[in-house]
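Thanks for making the time this morning.

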Amino acid sequence: MSLRSVNKNGLISLLGGDKEAERAVELLIKYSKKGVIPREELDEELVILFESEKLAFPIKSEKDSLSWGSRFLVVEDLEIPYVIRIVFSEFCSWKEAVKKYFSQIGEKDPEAFVKIVEEVFKKRKYSFITGETLTEISLKYGKEPGAVIAELKGAGVISPFAGCGRSLSKLMKLIGSPVYEINRFLLKMYELL
């Protein structure tokens, strides 16, 4: 799949090309405008696929946390992140989706956010990035770091990482803290370009 050929079959292929991927893409296309996939359309396998690829998340979370990792993994209505909604409703690349999202929310320079997200992808460690690195990227583009982090979370590009115990401790030692998880599906799209 290239920048110019984002289509239904390419999205299915990106998710593994099997029947589950096909079902997932159909649901994402069907509900991307509404933003929520109703639980009646779901089963456990789809919920796991959506969560693992960071395509949709249960609406309820532990202590109302915004972290993807704090969402209860159960068959219930799933919320689709904003940038993912655009990818599946308009069959566009991650770059186009980021630009459209930031245009829609009234950002004066949405192209700067495309560059910021691209740097997030380039400077990540595994599928994580630190607050320190996000701060450096934000300042490079003359943006206030806290606002950029909040806007990237709102778009569905990153989420605070809520790991547990030793795994979180090891990750923080390895890459620093605070730690943010990057949307895996967007990373897959980025890696194909």
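This is a predicted model: local features need pLDDT of at least 70, side-chain atom pairs count only at pLDDT 80 or more; totals for chains, interfaces and linings use all residues.

In helix α6, the residues that count as buried are Pro-110, Ala-112, Phe-113, Val-114, Ile-116, Val-117, Glu-119, Val-120 and Phe-121, where buried means under 20% relative accessible area with a 1.4 Å probe and protein chains only. Helices here are DSSP runs of H or I with at least four residues, strands are runs of E with at least two, and both are numbered from the N terminus. Residues are numbered from 1 along each chain as its sequence is written, and side-chain values use heavy atoms, with hydrogens and water left out.

What covers the buried residues of α6? The cover includes α5 (94-104), β4 (128-130), α7, α8, β6 (179-182) and α10 (184-192), with contact meaning heavy atoms within 4.5 Å.

Turning to one of these neighbours, the axes of α6 (residues 110-123) and α7 (residues 131-140) come within 10 Å and cross at roughly 145°; axes are lines fitted to C-alpha atoms, for helices over the stretch in contact, and angles run from 0 to 180 degrees between N-to-C directions. On the α6 side the contact is made by Ile-116, Glu-119, Val-120 and Lys-123, and on the α7 side by Thr-133, Leu-134, Ile-137 and Lys-140.

Next, α7 packs against α8 (residues 145-155) at an angle of about 110°, with the axes 9 Å apart. That makes α7 roughly perpendicular to α8, a label given to angles of 65 to 115 degrees. Here Leu-134, Thr-135, Ser-138 and Leu-139 of α7 meet Pro-145, Val-148, Ile-149 and Leu-152 of α8.

Elsewhere in the chain, Val-25 lies in α2 (residues 19-31), and Val-25 counts as buried because its relative accessibility is 0%. Leaving aside residues up to four places away in sequence, Val-25 touches Lys-8, Leu-11, Ile-12, Leu-15 and Phe-88. The C-alpha atoms of Val-25 and Phe-88 are separated by 7.8 Å, although the two residues are 63 apart along the chain.

Finally, for the chain as a whole, there are 10 helices and 6 strands, and 48% of the 193 residues count as buried.

Notes:
Angles under 35 degrees count as roughly parallel, over 145 as roughly antiparallel, 65 to 115 as roughly perpendicular and the rest as oblique. Buried means under 20% relative accessible area, exposed over 50%, partly exposed in between (1.4 Å probe, protein chains only).
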